[in-house]
Amino acid sequence: MPTITSKDGTKIAYQREGNGPALIHVAGAIQHRAIDPTLARLSALLADRFTIILYDRRGRGESTDAPDYAVERELEDIAALIDVVGGKASLLGYSSGAVLAAEAVLAGLPVESLILYEPPFARPPARQPMPADYVAKLDGFIARNDRDGAARHFFVAGVGVPPEMVDGMAASPFWAIVTAIAPTLRYDARIMQRGYADGALPQRWAGIATPTLVLDGETTPAEMPYIRHSVETVAAAIPNARRRTLPGQGHGPAAEAIAPALREFLDA
């Protein structure tokens, strides 16, 4: 698997498929290439028209990590990937990865188009903000190497999943996948924290001039009732953003459902 070296020396593993304008996938909190087959299927569906880049965010899969984290380091990772594909690319971000993709635009990276799938802001009245000590508690779990505790804290306090549902998740094979990358949940916590800070949404996001498509799934509100409000807030904040709901889809959309929306938007 090829790698690029980010500015701080971290090795970022990626795969490249297809030809044409570049589209880089920016994964959410519990996504990476090895555990989400949707990413590979979507790449195959789009490879006839686009150069698709899938990469493991730092600390996941085949990418390495560094001891000191800041959101800027992940923006440098994206910048290095953009250099690999010729100096410009579109970004497709999922969940907290959508917030990271938007931050890449705000940082001035050469992004041609921006697609945001369900950026997960907790905003009244749909949902009260996350607890003020959310990040500190998450850091504490990781410092104690309590990956189970970190994952539970992420789902209950961060995502808003009822504790009894998390108990069921913890009894499934899925839980081993989550706990394996649990230390990186603190990275997504900081990405979201930056997205909320200093009036970032909606005030700072109003500075996004890049053509933007904001997507959600029709069925996601049954899992995460606040998502629809978050998506509508983001779409309203970004000038000239397009807004679309995918029928029958949830927080993890099927490749066959999202691919036509991406083609239509990127070919416009």
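Tutor: We work on a 1 Å grid over the protein atoms alone: a cavity is a set of points where a 1.4 Å probe fits but cannot get out, a pocket is an open set with protein on both sides within 12 Å along at least five of seven lines, and lining residues have an atom within 4 Å of a point. Grid points are joined across faces, edges and corners, and a volume is the space filled by probe spheres set on the points. This is a predicted model, in which local features need pLDDT of at least 70 and side-chain atom pairs count only at pLDDT 80 or more, while totals for chains, interfaces and linings use all residues. Residues are numbered from 1 along each chain as its sequence is written, and side-chain values use heavy atoms, with hydrogens and water left out.

Student: Which residues line the largest cavity?

Tutor: The lining consists of His-25, Val-26, Ala-27, Arg-33, Leu-39, Leu-54, Tyr-55 and Tyr-94. The largest cavity holds about 40 Å³ of space, and a search of the whole structure finds one cavity of 30 Å³ or more. At least two lining residues come from each of strand 3 (22-26) and strand 4 (51-55), where strands (E, at least two residues) and helices (H or I, at least four) are DSSP runs numbered from the N terminus.

Student: What makes residues of this lining nonpolar, polar or charged?

Tutor: Ala, Val, Leu, Ile, Met, Phe, Trp, Tyr, Cys and Pro count as nonpolar, Asp, Glu, Lys and Arg as charged, and the others, Gly among them, as polar. The lining of the largest cavity accordingly has six nonpolar, one polar and one charged.

Student: What is the volume of the largest pocket, and which residues are closest to its centre?

Tutor: The volume of the largest pocket is about 780 Å³. Its lining has 37 residues, and Ile-30, Phe-154, Phe-155, Val-159 and His-251 are the closest to the centre. By class, this lining comprises 25 nonpolar, eight polar and four charged residues. Helix 8 gives the largest share, five residues.

Student: What is known of the second largest pocket?

Tutor: Its volume is about 190 Å³. Among its 15 lining residues, Ser-113, Pro-211, Phe-265, Leu-266 and Ala-268 lie nearest the centre. Two or more lining residues are given by each of strand 3, strand 6 (111-117) and helix 11 (255-266).

Student: Why are helix 4 and helix 5 called roughly antiparallel?

Tutor: Axes are lines fitted to C-alpha atoms, for helices over the stretch in contact, and angles run from 0 to 180 degrees between N-to-C directions. Angles under 35 degrees count as roughly parallel, over 145 as roughly antiparallel, 65 to 115 as roughly perpendicular and the rest as oblique. The axes of helix 4 (residues 134-143) and helix 5 (residues 147-159) cross at roughly 165° and come within 8 Å. The two helices are therefore roughly antiparallel. On the side of helix 4 the contact (heavy atoms within 4.5 Å) is made by Tyr-134, Lys-137, Leu-138, Phe-141 and Ile-142. Its partners in helix 5 include His-153 and Phe-154.

Student: What is the relation of helix 4 to helix 8?

Tutor: Their axes come within 10 Å and cross at roughly 165°. Helix 4 is therefore roughly antiparallel to helix 8. The residues that meet include Tyr-134 and Leu-138 of helix 4, with Leu-185 and Ala-189 among those of helix 8.
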